[in-house]
Amino acid sequence: MSFQVALSAHLLEMSWDNGTLKNVWLSVIRRASLGSIWVFQACPISQHAVCLPFNNPPHTPRALSSVVALGANIICNKIPGLAPRQRAICQSRPDAIIVIGEGAQLGINECQYQFRYGRWNCSALGERTVFGQELRVGSKEAAFTYAVTAAGVAHAVTAACSQGNLSHCGCDREKQGYHDQEEGWKWGGCSADVKYGVEFSRRFVDAREIKKNARRLMNLHNNEAGRKVLEERMKLECKCHGVSGSCTTKTCWTTLPKFREIGYVLKERYATAVEVEAVRATRFRQPSFLRLKQSRGYIKPTDTDLVYLERSPNYCEEDAATGSAGTRGRLCNHTSPHADGCNLMCCGRGHNTHQYTRVWQCNCKFQWCCFVKCNTCSEKTEVFTCK
């Protein structure tokens, strides 16, 4: 029986949220993890497919692991935006890279939701890849991006562990037995192992920060702030056990919060973000820690503060250097005095008015016998876009 591993360079170069790479990758990992004889068959998907033939199926775990390692090396090398240490993690833990990608996408989606009415709406992130995106300006927006992405990865990894979708992790083993004998409740069920998720996020997300500069300190601080917010928002759920609905004993477990809640908290932190500057070590003159810029002495930001090094641009015009997509063509509300209003959104350039008429059948009634009679309704609407 012939055994083939087919890897399509065309598929591997597709974007993550296309879903194709994800589905092919999942089929490799899940079938391999089950220990069954599988065929990673992508040939002939396109003329770009590269087929690697194996004369005999890998019956032994060693042969199977060598095939998985081969697939991991090729696929991990094709994912754009990974730093060297991240690529190594991808190759050693190929089952985790899917979850990491989902977590990063979770953070990007939340960023776009929280800033959907602002001049900067996070729209430029995740267009090419969910990995390796960086706003060049060390602004408040960059601070939020790093915090929400790190929290998203930690959230996704923790959830995958609880659901049994990742190897080397599961439920939190520390939460067992009685927690408080006097209150009469004990640990039970499957508590989310957020410590594992946070540590995995720290290993992977922070691996990008290799330059010894102030921006590295800023990024690492915001990564940690996002993960800290997730840890602080873990929830305790309980269930009572007893006769006739009494609560003789109570079993409790910890669960993850909805990620929307994390997004709201980080948006509040964004509004109160603090400007910092790097303090250089005396001997090597390299940035060693951050302090509040307007403070006297060496006052450091708190663990959950979002920090930034540079003031934000106005994001009115498109500028790749600052990560600004501009506001031309953006929808705006001509009656709103807030950030989504045409005056602020359009940066004083004015706005265009588009009139539309929607026509549909309404007030339909059954007539004897036997047809349905409807009126024709219409509605005029106006849409406003920035010039």
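**Close-up 1. Helix 8 meets helix 9 in this predicted model.** Gly226, Val229, Leu230 and Glu232 in helix 8 touch Ile262, Val265, Leu266 and Arg269 in helix 9. By class, this contact has 5 nonpolar, 1 polar and 2 charged residues. Helix 8 covers residues 214-232, and helix 9 covers residues 259-271. Their axes lie 10 Å apart, and the packing angle is about 130°. That angle makes helix 8 oblique to helix 9. The crossing of the two helices is right-handed.

**Close-up 2. Helix 7 packs against helix 8.** Helix 7 spans residues 194-205. Its axis and that of helix 8 come within 11 Å and cross at roughly 170°. Angles over 145 degrees count as roughly antiparallel. Helix 7 and helix 8 are therefore roughly antiparallel to each other. On the helix 7 side, the contact uses Val194, Val198, Ser201, Arg202 and Val205. Helix 8 supplies Asn223, Glu224, Arg227, Leu230 and Glu231. By class, there are 4 nonpolar, 2 polar and 4 charged residues in this contact. Look for Leu230 in both views: this residue of helix 8 takes part in the contact with helix 9 and in the contact with helix 7.

**Close-up 3. Helix 5 is largely enclosed by the rest of the structure.** Helix 5 runs over residues 94-114 and has 21 residues. From its first C-alpha to its last, helix 5 reaches 31 Å. That is close to the 30 Å expected at 1.5 Å a residue. Of its 21 residues, 16 are buried, so the rest of the structure largely encloses this helix.

**Close-up 4. Glu275 sits in strand 7.** Strand 7 covers residues 274-280. The relative accessible area of Glu275 is 12%. Buried means under 20%, so Glu275 is buried. Leaving out residues up to four places away in sequence, Glu275 touches Arg291, Leu292, Lys293, Tyr308, Leu309 and Arg311. Now find Ser139. Glu275 and Ser139 are 136 residues apart in sequence. In space, their C-alpha atoms are 8.9 Å apart.

**Overview. The chain has 10 helices and 14 strands.** There are 387 residues in the chain, and 44% of them count as buried. Consider the contacts between residues at least 6 apart in sequence: 64% of these join residues at least 24 apart.

Methods
Residues numbered from 1 in each chain as written. Predicted model: local features only at pLDDT ≥ 70, side-chain atom pairs only at ≥ 80, totals over all residues. Heavy atoms only, no water. Axes fitted to C-alpha atoms, helices over the stretch in contact; angles between N-to-C directions. Helix = DSSP H or I, 4+ residues; strand = E, 2+ residues; numbered from the N terminus. Parallel < 35°, antiparallel > 145°, perpendicular 65-115°, else oblique. Left-handed = near helix turned anticlockwise from the far one by under 90°. Contact = heavy atoms within 4.5 Å. Nonpolar A, V, L, I, M, F, W, Y, C, P; charged D, E, K, R; others polar. Expected span 1.5 Å × (residues − 1). Buried < 20%, exposed > 50% of the residue type's maximum accessible area, 1.4 Å probe, protein only.
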